[in-house]
Amino acid sequence: DWPDVTRMDLKTGRLNNVPIAKAPGPVSGYVLDRDNVVRFAMLRDPESRTNKVLYRTANKEAWTELATFGFDQPGWRPIAFDGDNRTIYIASDIGRKTFAIYRYDTVSGSHLQPELVFGDDTYDMAGVVYDDFKKKIVGVAYDGDRRRYHWIDDEMRAIHRRLEQALP
C-alpha cells in the first residue's frame, strides 16, 4: 500500500515494471542522491505513532534505521544531497522551536553532531537551493512574510543583493 520508486518515460507515460526501490514500510517520502540512487526513506507509522529515518548507500542494499521519533517529539528529516553525494542537508527541530537546516555527513555519521547551516527563531526552513552548474547547495529557503533566502554561496548572495536593489 506504500509507494515504491520506479522510472517513468515522460514521453510515453509508461512506468518501468521493475521498482528501483521497494517500500520498506509506511513510506512518507524518499530522498535520492544526485545520481538518482534512493538513499533515504522516511516512514510514518500511525500505529506506533513514530517517524523513522532509514538509510542505505546503494539501491540494492538493505535499509539501516538511523533514527526514530514520536509524532509529538522533535526530530530530523533528510532534504537533499549536495553535489558530492556524501553530504545531505537535513531539517531538524531538536533543541529548537523551529526547523533549521544542518549538514550531515553520511560517511562519518556526523548526524550525532551536525553542522548548523541556517536557522531562524521565528520561521521553519522550507528547503535548500541547489545550483546544477556549481553542483552544490547554494542557499536555504524559508517562508516569512514572503519566500526568503539565506545564501551560503558568496556569488549567489551578491547576485541576490543586486537583484533586490534593482527590483525592490
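Q: What makes R77 count as lying over the face of F99?
A: In this predicted model, R77 is at 4.6 Å from the ring centre of F99. The cut-off is within 6 Å of the centre, together with an angle within 35 degrees of the ring normal. R77 is therefore placed over the face of F99.

Q: Which ring does R34 lie over, and at what distance from the ring centre?
A: R34 lies over the face of Y130, at 3.4 Å from the ring centre.

Q: Why is the pair of F40 and Y55 called tilted?
A: The planes of the two rings stand at 50 degrees, and their centres are 4.9 Å apart. Centres within 6.5 Å make a pair, and planes under 30 degrees apart would count as stacked, over 60 as edge-to-face.

Q: Why is the F40 and Y55 pair said to tie together parts of the chain?
A: F40 belongs to strand β2 (residues 38-45) and Y55 to strand β3 (residues 50-55), so the pair joins parts that are 15 residues apart in sequence. Both F40 and Y55 are buried. The structure holds 7 aromatic pairs, and ring pairs link F40, Y55, W76, F81 and Y104 into a cluster.

Q: Why is N36 called partly exposed?
A: Its relative accessibility is 40%. Buried means under 20% and exposed over 50%, so N36 falls in between. N36 sits in the loop between β1 and β2, and its phi is near 65 degrees, a positive value in a residue other than glycine.

Q: Is N85 buried or exposed, and how do you know?
A: N85 has a relative accessible area of 14%. The limit for buried is under 20%, so N85 is buried. N85 lies in the loop between β5 and β6, with phi near 60 degrees, again positive in a residue other than glycine.

Q: Which residues have the most contacts inside the largest nonpolar core?
A: The core has 14 residues, and those with the most contacts inside it are V31, F40, V53, W76, I88, I90 and Y104. Strand β7 gives the most to this core, with 3 residues. A second, separate core of 10 residues includes I101, F118, V140 and Y142.

Q: What lines the largest pocket?
A: Its lining has 18 residues, of which R44, N51, F69, W76 and R77 lie nearest the centre. The lining divides into 8 nonpolar, 6 polar and 4 charged residues. The volume of this pocket is about 250 Å³.

Technical notes. Residues are numbered from 1 along each chain as its sequence is written. This is a predicted model: local features need pLDDT of at least 70, side-chain atom pairs count only at pLDDT 80 or more; totals for chains, interfaces and linings use all residues. Side-chain values use heavy atoms; hydrogens and water are left out. Rings of Phe, Tyr and Trp (its six-membered ring) pair if their centres lie within 6.5 Å; planes under 30 degrees apart count as stacked, over 60 as edge-to-face and the rest as tilted. Helices (H or I, at least four residues) and strands (E, at least two) are DSSP runs, numbered from the N terminus. Buried means under 20% relative accessible area, exposed over 50%, partly exposed in between (1.4 Å probe, protein chains only). On a 1 Å grid over the protein atoms alone, a cavity is a set of points where a 1.4 Å probe fits but cannot get out, and a pocket is an open set with protein on both sides within 12 Å along at least five of seven lines; lining residues have an atom within 4 Å of a point. Grid points are joined across faces, edges and corners, and a volume is the space filled by probe spheres set on the points. Ala, Val, Leu, Ile, Met, Phe, Trp, Tyr, Cys and Pro count as nonpolar, Asp, Glu, Lys and Arg as charged, and the others, Gly among them, as polar. A nonpolar core is a set of buried Ala, Val, Leu, Ile, Met, Phe, Trp, Tyr and Cys residues joined through side-chain atoms within 4.5 Å.
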